[in-house]
Amino acid sequence: MQIFKIFIKVTVTLIVLFFIIGLVLFFKQKPTYEGQLQLNDIEKETSVYFDDFGIPHIYADNESDAMIALGYVHAQERLWQMELLRRIAPGKLSEIFGEDMIETDRFFVTLGIDEATSKTINTLDKESKPYLLAQAYLKGINQFIDNGATPIEYLLLGLEKKHFEIKDIYNTLGFMSFSFAMAQKTDPLLTALHQKLGNSYMNELQLGTNPNSTTIKSSNETLNNIAKIAHQVSDKIPVSAFIGSNSWVIGAEKTQNKKVIFANDPHIGFSQPAVWYEAHITTPHHEIYGFYIAGAPFPLLGHNHNYAYGLTMFENDDIDFYQEENHPTDSTLYRFKDNWVKYNYTKKTIAIKGKPSETFIVKSTKHGPIVSGISEDISIEKPISMFWIYTQSPNLMLDVSFEMSRAKSISDFKEGVSKIHSPGLNVMYGDSQGNIAWWATGKLFTYPKNVNRNYFLNGADGEQEIERYLDFSENPQAVNPKWNYVYSSNNQPDSVTNILYPGYYLPEDRAKRIVDLLESKNDWNKKSVSDMITDVTSSTAPQFVDEFIKAIPTNGLTKNQQEAIKLLKNWKGDFQLNGIAPTIYTKMIYNYLKFTFEDEMGKETFEKLLNTHFMKVEIGHHLMKNNSIWWDNIETEVQENKADILYKSFIEAIKSLENQLGSNINRWKWNKVHTIEHPHAMGKLALLRPFFNIGPFETNGTSEVINNLQFPLTEDGLYKVNAGPSSRRIIDFSDIENSLNISPTGQSGNIFSKHYANQSKMYVRGQFRKMKLNKEEIVQTSKKLVILPKNIKL
């Protein structure tokens, strides 16, 4: 009995102790939303009003004060996120996460983003307004580092806070640029397939270029391992990657109130904190309601009373791989045309938590770094270099984002975005004067006509080099078109020079749905656009279902098989929570891809390609082919045709769902298999997951509908959403002060803030909140933080 009493006493004591510690952390760690504070370099009193969703509305007498305030409030909500983002490009994740991140660090160090940043910084005008305001923003961040609470993530990892520099901004933008790319995940695999299977198979795929071109022979092991590293790196990065997007801008002639309506929902990998930090800045000569990446001083999305702008991913191919040729006796030389050229060698060091640092050498050619030596698993007998347009020129994204957020006219705005060389972006624009526009931006270039950029190029003979760089006027674009709308959904753009620019574009599903809806009416308003941006109907699924139905015989079917066919026939392609047809359809699609491609490709290559843009396009492209060499299963003794594969895909789908969800088909609802969770880097530890991760939630939608909630197709039939709309913005210039948005989780990255997850349930329900611009409303409904110069006595 005495032991039991002692146990109870100790337990209660520990509970009380943990409660007290939690209470202390809560009050010490939570962000400051009201009161007064003093900062260095502030010239005049600056007011920050935090609205009911934690969005700061900054009113300052000058832009420098506004940027210092922005840096401070941004850091108090997102310092941990800033820390992660600045570490990726220079390869410094192992320093905090240990040896598990060595391969990721080695990959990014080899890419050369950090070196490109240093070159860019050396060319900067240190007296320019973008540079000076960026420095003011950094002053705000660093003052929070010096005087603010240490984020709990730093405490858990024992990480020391260090000041931010201009280099951190550029490295963050560099990682963002790389996260748009797809070629590193796809080109090595397609090259390996071409060598393994030949033209007869590759001719049947929608590669967008000529598959009959001659390619260089490489080791299939090398090719697969390059792709393997790229996929592993993508999976391990603890922050959001940019994936796709929708945007449309409706001209005044097609709206109810005869004013432009702007809509944008960039699709980005889900993580916590969410990618965008919203802030509204007002000074005597400038106003912007912007969406900021952690550690970047100027918004990439924004609007004010006069204009709105946003982004989608262009998906152009801006990465190419070259197979180099080593000198037969001197490994320090490689061939280019008729000359032997010395490799460039750079010594790199990666710090590793709890272990000695690792030193390695990066070799480079005129095309770029040798990536076939990144991992010990990759043979370097035949060196492969990677050309990436980003590292070939100074990065002007800081200037571009500054100019986008301060444009005085559509011509000013166009001049700013014309400077983007990488990443490729579709920049969308609308204004209060009735202008609408879309520009595909990025430095585009052409090769000789016989070059197939889906495969590795010949780096030795000099005949597969860039012929010319296109002028920005040749990029795809549309300004005030006669059809009265512009849109982008990562699909293949047309070109004013009749060139279909190569890239890893997404299928037409979303584009077709967007165009069908926009063409259908001329009285659009904020409500109808909000319905459209949360639309979950596939424009292509019913057509694909018809192909399956034609392949299924009407006799000899079980009760569940008959009921499944009935449900599929009556289905309109909508992915609602309680829908049963979406569950059956998605399983059939997975089976169809597996039974069609895995036997020829091999299991490993198939699984790597399965969730790439390439395979998404192939779903519809191949399904509509009646005759194809791919339909036959080379592992059987009979010759299968399309009907055989589709029938088998249906039968196996029903069997699998019966095993997974039970024999009652009415229980096969979409919400049982389709969920969303927002992972935090700390959530990898099971003990911390409930505190840091948000979700999981049941959700409607699917991949490649307008409400584009993406997930990897998997054997187990559980579709865990890992990417989707990072915001849903609707800006109606007839009611600009009541424009709408929603974030996937919340404004704050601080788990002690009430704004950490307070939008997450609204998001999955398709709800919205206001983006406030009216000062009177903001003052009346917000908490006020006053920031004063340091030299004023309180």
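Me: Before we look at any residue, what counts as a polar contact here?

Reply: A polar contact is a pair of N or O atoms within 3.5 Å; inside a protein, one of the two must be able to donate a hydrogen and the other to accept it. Keep in mind that we are reading a predicted model.

Me: Which backbone atom lies 3.2 Å from a polar atom of the Q272 side chain?

Reply: That is the backbone oxygen of Y756.

Me: Where does Q272 lie, and is Q272 buried or exposed?

Reply: You will find Q272 in the loop between β5 (261-269) and β6 (276-283). With buried meaning under 20% relative accessible area, Q272 counts as buried because its relative accessibility is 3%. Leaving aside residues up to four places away in sequence, Q272 touches H678, P679, H680, F692, I694, T745, S748 and Y756.

Me: Why does the pair of W670 and F711 tie together parts that are apart in sequence?

Reply: W670 belongs to the loop between α21 (642-661) and β23 (674-678), while F711 belongs to the loop between β24 (694-698) and β25 (719-721), so the pair ties together parts 41 residues apart in sequence. Both W670 and F711 are buried.

Me: Which residues do ring pairs link into a cluster?

Reply: Look for F107, F108, F175, F178, W388 and Y390, which ring pairs link into a cluster.

Me: And which charged residues sit over rings?

Reply: Here are two cases to display. R86 lies over the face of F164, 3.6 Å from the ring centre. The charged end of K775 sits over the ring of Y59, at 4.4 Å from its centre.

Me: Last topic: in the largest nonpolar core, which residues touch the most other members?

Reply: This core has 203 residues, and F413, I584, Y585 and L593 touch the most other members. Helix α2 (residues 63-88) gives the most to this core, contributing 14 residues. Apart from it lies another core, of 16 residues, including I261, Y485, M532 and I533.

Me: What does I584 touch?

Reply: Not counting residues up to four places away in sequence, I584 touches A564, L567, L568, I654, L657, I665 and W668.

Notes. Residues are numbered from 1 along each chain as its sequence is written. This is a predicted model: local features need pLDDT of at least 70, side-chain atom pairs count only at pLDDT 80 or more; totals for chains, interfaces and linings use all residues. Side-chain values use heavy atoms; hydrogens and water are left out. Helices (H or I, at least four residues) and strands (E, at least two) are DSSP runs, numbered from the N terminus. Buried means under 20% relative accessible area, exposed over 50%, partly exposed in between (1.4 Å probe, protein chains only). Rings of Phe, Tyr and Trp (its six-membered ring) pair if their centres lie within 6.5 Å; planes under 30 degrees apart count as stacked, over 60 as edge-to-face and the rest as tilted. A charge sits over a ring if NZ of Lys or CZ of Arg is within 6 Å of the ring centre and within 35 degrees of the ring normal. A nonpolar core is a set of buried Ala, Val, Leu, Ile, Met, Phe, Trp, Tyr and Cys residues joined through side-chain atoms within 4.5 Å. Contact means heavy atoms within 4.5 Å.
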